[in-house]
There are 2 protein chains.
Amino acid sequence: MERLNIGLIGWGTVGCGVIEILNSNSEILRKRLGVELYLKRVADIDLEKPRPVDVPMDILTVDANQILEDPDIDIVVELIGGTEPAKTFIRKALERGKHVVTANKALLAVHGNELFDFARKNQRIIAYEASVAGGIPFIKALREGLAANNIDTILGILNGTANFILTRMTETGVSFKDALKEAQERGYAEADPTLDIEGIDTAHKLAIAAAIAFNMPVSFDAVYKEGITNIDPLDIEFGREFGFQLKLLAIARKTSKGIELRVHPTFVPCDHVLAGVRGAYNAVYVHGDAVGNVMFYGLGAGMMPTGSAVVSDIIDLARDITHGASVRIPPLGSYEVEEAELKPIDELETSYYFRFSAVDQPGVLSKISGILGKYNISISAVIQKGRHVGGAVPIVMITHEAVEKAVRKALDEIDRLDVVRAKTQLVRIENLSGNGI
Amino acid sequence: MERLNIGLIGWGTVGCGVIEILNSNSEILRKRLGVELYLKRVADIDLEKPRPVDVPMDILTVDANQILEDPDIDIVVELIGGTEPAKTFIRKALERGKHVVTANKALLAVHGNELFDFARKNQRIIAYEASVAGGIPFIKALREGLAANNIDTILGILNGTANFILTRMTETGVSFKDALKEAQERGYAEADPTLDIEGIDTAHKLAIAAAIAFNMPVSFDAVYKEGITNIDPLDIEFGREFGFQLKLLAIARKTSKGIELRVHPTFVPCDHVLAGVRGAYNAVYVHGDAVGNVMFYGLGAGMMPTGSAVVSDIIDLARDITHGASVRIPPLGSYEVEEAELKPIDELETSYYFRFSAVDQPGVLSKISGILGKYNISISAVIQKGRHVGGAVPIVMITHEAVEKAVRKALDEIDRLDVVRAKTQLVRIENLSGNGI
């Protein structure tokens, strides 16, 4: 039986998952492929640290070049993460005629256009299913399964750490800090959780997904990013009174005024399927002109789920290689990737949740609503409760659609009122419908 | 620019969707494919009836052979449904070197093995994304995106009509009959709804999905089928008191005692993502050894969603053809499809919901539970309410895991008791966990 040689760079968590799958499912993979997937070499700078999966001594190396320069290796799997030396390794592999599989969203979000271009020139494939939504075969769905569609919306819960934290805050009422601590204790969050809780990792993934959906270059810098560190359990509770659940949402939307790319805490209706995505799970909700609404749900991280996505890319490559298909699909799913007009966050039109912290005296509501009215922001619902928080009472409002720029100005003005005691909390709302009835 | 010629047989609802997509998204498809998809001919026995999408007169024909015998046609799309002449058309197309796209689950569920074998012999592809879960790219997910996995479980809500009916019964308390009537009025159910409400359509789809997941032949006859016609709103209500939601579930599960293939009304926990699948939506929940739990959600029927799936198959074929990939993936995703040991429904072990209709007198509960005990069926919860229904009171029980055969015997014996006034209602329970926390 024919065999394909795989070189794996990066014997970390995901690397162990890949090795485990290639070992334990080798028979089923052989039946599905008609060829053998053979792990020829594994490179890592540290061969000593304890790992959950063993590798035969004689295929281990500390030198990635032993993989990159081996003419027998067909597929290079890059799982070291970060920009360098990952980028150099990938370029070198492509240059030497190897196909590449990577899970490196941070690299692709920033250098994807360059790398995809380089792959195209070398007529080789960079496969990156594992870079977005972990084990969920979402890149495949977008580039292939939904390719008949003009896609106009992607809404994603793309970071399991952030979703775990928000779920705990929602279900137990704990503070952000305590929920983060729990996530760290359970191994869902890293010691430095910045990428996860500031929305950066989510933005990496959104930039990649949006590029495919909208036939545009990967545009990470254009993504508006706002994390979950300022979320108070109080806001989650008030949101629920209005029928909303809080999620860190990645939003890519094609509008008549340009493409929106944004990551921020977002209220979604409690009866929407996205609201039911709990804990470390990820989900991506897509609207296409033909298919309507579809959603993909699963684990977005972890040794085995991410390993599943990496191996599915290897399987795709094996099917391409053994059938002489060369580069069957362009990296972003289109032969004509075109710059798109982007809509800055200032021009966003959406509805908003505001929580004002005001002193409890007559006329305050009138002052606040007066300023909102001046900026054309119309209110659809108000809750004012007697509860005092730090010498002030929360006044919570839901608006009709308003323009972000006007909202910012109005809040600036409101926050300068002497009856207002703290910065106003703002959460954007996605008034999603279309959930089945 | 190169062009691929498509012949469409069946100018019905889905056919119109396909034509609409090829028309309105032609530019985006050209960018994604680098070739033009050209609808060369459309055949239907009735060219007169009004349709939502027009076709130029000169490409219309009443004679499918004008497509099947046209040497310029690369891809034949079969959308007439039913067994014959669909089967003959597909064989003829394959024989003449054309690839085939079909949405015909009834045909594939019963004659899939023969047709796939015939396609293999002719080195041509039968693509059938649209046959399972409509617009959701689920076949692709299973054969490709999750191909790294040893899959052990598929749980599907695969019929939008049945799910719409159950959702209405759950949310408004109406009877099955009234909910069916509403579904018919809204166009979700056909005048003869048998295939949908008796679980047959769901079983067609399950047989296809299970064959891919478990590397086995399509085994429609082996699927246990039970529809939703006997469901009483009372059962939905009692289920909710135990924290369950009722769904018509397609279940395929690999167990140590063989493979379970069954379609029946099933209680799932209210906080599980499957419980949130409302109305005409479909969803498929899969467990794989590497990926863990994943779910795919979307519209399982309709002109445009099903059209989306058909066109995604055409896109796949176009990518194969233009890159000389021939048959890149075997029909069921494996080169070694092997007969599997099937587990008959009698040997099923699961927990059950029973609703007994008993006279309201002392000792009844003891008689019933005595018989259950005799058959080794252990009770985990009971509700007995004063409410009289037709001269009897409902006694509702949830069991621990029990064997179906024993359950049947016990219920037979119980239903013969003179204190029992009607046939006992039985609903199987899926005690799903793993939903995020």
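Guide: Welcome! Helices here are DSSP runs of H or I with at least four residues, strands are runs of E with at least two, and both are numbered from the N terminus. By that count, A:Pro85 sits in the loop between β4 (75–78) and α4 (86–95) of chain A. This is a predicted model, in which local features need pLDDT of at least 70 and side-chain atom pairs count only at pLDDT 80 or more, while totals for chains, interfaces and linings use all residues. Residues are numbered from 1 along each chain as its sequence is written, and chains are lettered from A and ligands numbered from 1 in the order in which they are written.

Visitor: What kind of peptide bond joins A:Glu84 and A:Pro85?

Guide: A cis one, with omega at about 5 degrees. In chain B, the bond from B:Glu84 to B:Pro85 is cis as well, with omega near 5 degrees. B:Pro85 lies in the loop between β4 (75–78) and α4 of chain B.

Visitor: Why are α4(B) and α5(B) called roughly parallel?

Guide: Helix α4 (residues 86–95) and helix α5 (residues 105–121) of chain B pack at about 15 degrees, with their axes 11 Å apart. Angles under 35 degrees count as roughly parallel, over 145 as roughly antiparallel, 65 to 115 as roughly perpendicular and the rest as oblique; the axes are lines fitted to C-alpha atoms, for helices over the stretch in contact, and angles run from 0 to 180 degrees between N-to-C directions. The pair is therefore roughly parallel. Among the residues that meet are B:Ile90 and B:Leu94 in α4(B), and B:Leu115 and B:Phe118 in α5(B); contact here takes C-beta atoms, placed from the backbone, within 7 Å.

Visitor: What makes α6(A) and α6(B) oblique to each other?

Guide: Their axes come within 10 Å and cross at roughly 125 degrees, so the two helices are oblique. In α6(A), A:Lys140, A:Ala141, A:Glu144 and A:Gly145 meet B:Lys140, B:Ala141, B:Glu144 and B:Gly145 in α6(B). These divide into two nonpolar, two polar and four charged (Ala, Val, Leu, Ile, Met, Phe, Trp, Tyr, Cys and Pro are nonpolar, Asp, Glu, Lys and Arg charged, and the others, Gly among them, polar).

Visitor: How do you know that α6(A) is largely enclosed by the rest of the structure?

Guide: Eight of its eight residues are buried, so α6(A) is largely enclosed. The cover includes α10 (200–213), β11 and β12 of chain A, together with α6 and α12 (303–322) of chain B.

Visitor: Why is B:Ala133 called buried?

Guide: A buried residue has 20 or more other C-beta atoms within 10 Å of its own, an exposed one 12 or fewer, and a partly exposed one falls in between, with C-beta atoms placed from the backbone. B:Ala133 has 32, so it is buried. This residue lies in the loop between β6 (126–127) and α6 of chain B, and its phi is near 65 degrees, a positive value in a residue other than glycine.

Visitor: Why does B:Ser326 count as partly exposed?

Guide: B:Ser326 has 14 C-beta neighbours inside 10 Å, so it counts as partly exposed. B:Ser326 also has a positive phi, about 45 degrees, although it is not a glycine.

How values were computed
Contact = placed C-beta atoms within 7 Å.
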